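Keep the structure open beside you as you read.

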Amino acid sequence: MRRIFLVLMMGIFQIGLSLFLFPVWNRIMVNQQIGKTTQNFQSTIQTQPVETTEAGSNQERRQYARLWEAMQEYNAQLFEEGQIHLDSPQDYTVPSFSLKEYGLKEDVFGVITIPAIQVEMPIYLGATESHLAAGVAHLSQTSLPIGGDNTNCVIAGHRGWNGFPYFRYITDLKQGDRVSIQNPWETLEYEVAETKIIAPNDIEEIHIQEGRELLTLLTCHPYASGGKQRYLVICERVNQEEIYG
């Protein structure tokens with residue numbers, strides 16, 4: 001009887017230990033996968049062939065030229081139409097483009113880096129559950145992360161999930177902190193301008209603002225609250241001359 005009791009207690013202990021260690025183990029695994037995905041993207045875009053595209057009356061050569069043109073047109077159309085589909089949560093999850101149709105082998109479109117909170121994660125198009133688990137996601141019906149006048153790219157991330165922080169420490173960001181977006185063509189530099197706490201349905205706060213070039217980071221708030229509110233970090237594009245003098 002005593003032996004059965006000891007075996008039972010040992011089993012309970014092992015189960016408890018497994019539950020205790022799961023977040024740690026999961027964080028390590030997710031961190032490794034995110035790091036690998038980030039490195040693969042950065043390696044891939046450095047080895048892609050250059051294509052020719054029409055830029056007005058002149059020809060321009062760049063990687064993924066057809067995708068560049070299509071995304072420029074998409075952003076311009078969003079602004080002109082006033083983001084008429086932004087009030088549909090279901091549309092947030094539908095990727096704006098199928099990247100594989102344009103020559104990218106993976107679903108990753110870029111990498112976001114936030115030095116102040118030690119974040120470096122891949123960016124996916126479309127805020128699906130799988131994309132948010134694998135990194136951060138571009139919120140469809142907002143400007144694509146390629147920069148340009150009259151744009152506001154919204155990047156969504158979990159406020160911590162399954163032991164990995166994602167955007168958990170986003171509230172630590174202060175005015176002036178830098179955020180960079182690496183896409184297939186260049187690295188865009190932004191600076192934190194302001195932060196806001198909004199209701200989940202307050203979509204006006206993530207609209208494009210005429211004459212500005214913005215990047216908005218979005219996550220749930222408060223932490224572990226079930227998403228009662230949204231926390232925004234609004235960043236503005238930094239002029240290249242300001243970065244390099």
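Asn 150 sits in the loop between β5 (136-138) and β6, where helices (H or I, at least four residues) and strands (E, at least two) are DSSP runs numbered from the N terminus. Its phi is positive, about 55°, even though Asn 150 is not a glycine. Asn 150 is also buried, with a relative accessible area of 19%; buried means under 20% relative accessible area, exposed over 50%, and partly exposed in between (1.4 Å probe, protein chains only).

Before going further, a word on the source: this is a predicted model, in which local features need pLDDT of at least 70 and side-chain atom pairs count only at pLDDT 80 or more, while totals for chains, interfaces and linings use all residues. Residues are numbered from 1 along each chain as its sequence is written, and side-chain values use heavy atoms, with hydrogens and water left out.

Why look at such spots at all? Most residues other than glycine have a negative phi, and most peptide bonds are trans. Tyr 64, in the loop between β2 (58-63) and α2, has a positive phi of about 45° without being a glycine. Tyr 64 counts as buried because its relative accessibility is 4%. As for peptide bonds, the one from His 221 to Pro 222 is cis, with omega near -10°, and Pro 222 belongs to the loop between β9 and β10.

Now the overall build. The protein has 5 helices and 10 strands, and 43% of its 245 residues are buried. Taking contacts (heavy atoms within 4.5 Å) between residues at least 6 apart in sequence, 63% join residues at least 24 apart.

Buried residues in α2 include Trp 68, Met 71 and Tyr 74. After α2 comes Gly 82, with a positive phi near 75°.

On to the inside. A nonpolar core here is a set of buried Ala, Val, Leu, Ile, Met, Phe, Trp, Tyr and Cys residues joined through side-chain atoms within 4.5 Å. The largest one has 26 residues, and Ile 112, Ile 155, Phe 167 and Leu 215 are among those with the most contacts inside it. Elements giving two or more residues to this core include α1 (2-45), β3 (108-114), β6 (151-156) and β10 (229-237). A second, separate core has 17 residues, including Tyr 74, Phe 97, Leu 104 and Ile 146. Ile 155 is in contact with Ile 112, Phe 167, Leu 215 and Leu 217, among others, leaving aside neighbours within four places in sequence.

Val 233 is in strand β10 and, at 0% relative accessibility, counts as buried. Beyond four places in sequence, Val 233 touches residues including Ile 170, Val 192 and Leu 217. His 131, in helix α4 (residues 129-134), is buried with a relative accessible area of 11%; its contacts include Asp 107, Tyr 124 and Val 136. Gln 42, in helix α1, is partly exposed at 22% and, again setting aside neighbours within four places, is in contact with Val 111, Glu 120 and Gln 182.

| Pair | Apart in sequence | C-alpha to C-alpha |
|---|---|---|
| Val 233 and Leu 218 | 15 residues | 6.7 Å |
| His 131 and Val 108 | 23 residues | 9.1 Å |
| Gln 42 and Val 111 | 69 residues | 8.2 Å |

Last stop, the pocket. How big is the volume of the largest pocket? About 630 Å³, a volume being the space filled by probe spheres set on grid points joined across faces, edges and corners. On a 1 Å grid over the protein atoms alone, a pocket is an open set of points where a 1.4 Å probe fits, with protein on both sides within 12 Å along at least five of seven lines, and lining residues have an atom within 4 Å of a point. Of its 28 lining residues, Tyr 92, Leu 139, Leu 218, Cys 220 and Arg 230 are the closest to the centre. Strand β9 gives the most to the lining, with 3 residues.
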